[in-house]
Amino acid sequence: MNIRRLATRTAVATALTGALVGTAATAAQAAPGAPYIREGSSGFNVWCVQFAINMFNDDPAQAIAEDGDFGGATLKALENYQSAFRVDPDGVVGPATGTVIANQIQSIVAYGNNMATPWGNHISDCYQVLPTDS
């Protein structure tokens, strides 16, 4: 398994475990009112979802394009991602799924990897475009 993916999966599992027992903090810059992300959506918010899915998935053969277009491949991958995190696999990024993704991205940034994205901003900017619980 790729070391970067292993570190991310470990951090995500830790964050998720903390959230389940009520001790994990959500991203300080989270956007509770951000629009839901669903099939047909496009833009940086979709890229954030695609990036998180690919970081969680440890099988490169199942990677999806990080192109900012929410199509059928992203839908199927999102449903699998939601199932893995025990979120209703409805194929829509609402507050529950957005919070899981925001926590995953927060973990990546906490490891000192606030990398630039193809959209010209940094991965921490994903907090602002994901619908979250808080």
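This is a predicted model: local features need pLDDT of at least 70, side-chain atom pairs count only at pLDDT 80 or more; totals for chains, interfaces and linings use all residues.
Colleague: How many residues does helix H2 have, and what should they span?

Modeller: Helices (H or I, at least four residues) are DSSP runs, numbered from the N terminus. The expected span is 1.5 Å times one less than the number of residues. Helix H2 (residues 44-56) has 13 residues and should therefore span 18 Å; its end C-alpha atoms are 18 Å apart, which agrees.

Colleague: Which residues of H3 are buried?

Modeller: An α-helix has 3.6 residues a turn, so residues three or four places apart point the same way. Buried means under 20% relative accessible area (1.4 Å probe, protein chains only). In H3 the buried residues are Thr74, Leu75, Ala77, Leu78, Tyr81 and Gln82; they pack against H2 and helix H4 (95-110). Gln82 counts as buried because its relative accessibility is 1%. In H2, 13 of 13 residues are buried.

Colleague: Where does Asn57 lie, and what does its side chain reach?

Modeller: A polar contact is a pair of N or O atoms within 3.5 Å; within protein, one must be able to donate a hydrogen and the other to accept it, and residues adjacent in sequence count only if both atoms are side-chain atoms. Asn57 lies in the loop between H2 and helix H3 (72-84). The side chain of Asn57 reaches the backbone oxygen of Gln62 at 3.5 Å, and a polar atom of that side chain lies 2.9 Å from the backbone nitrogen of Asp59.

Colleague: Which residues line the second largest pocket?

Modeller: Rolling a probe the size of a water molecule over the atoms shows where empty space is left. On a 1 Å grid over the protein atoms alone, a pocket is an open set of points where a 1.4 Å probe fits, with protein on both sides within 12 Å along at least five of seven lines; lining residues have an atom within 4 Å of a point. Here the lining includes Ile53, Phe56, Asn57 and Gln62. H3 gives the largest share, six residues.

Technical notes
Residues are numbered from 1 along each chain as its sequence is written. Side-chain values use heavy atoms; hydrogens and water are left out. Helices (H or I, at least four residues) and strands (E, at least two) are DSSP runs, numbered from the N terminus. Buried means under 20% relative accessible area, exposed over 50%, partly exposed in between (1.4 Å probe, protein chains only). Contact means heavy atoms within 4.5 Å.
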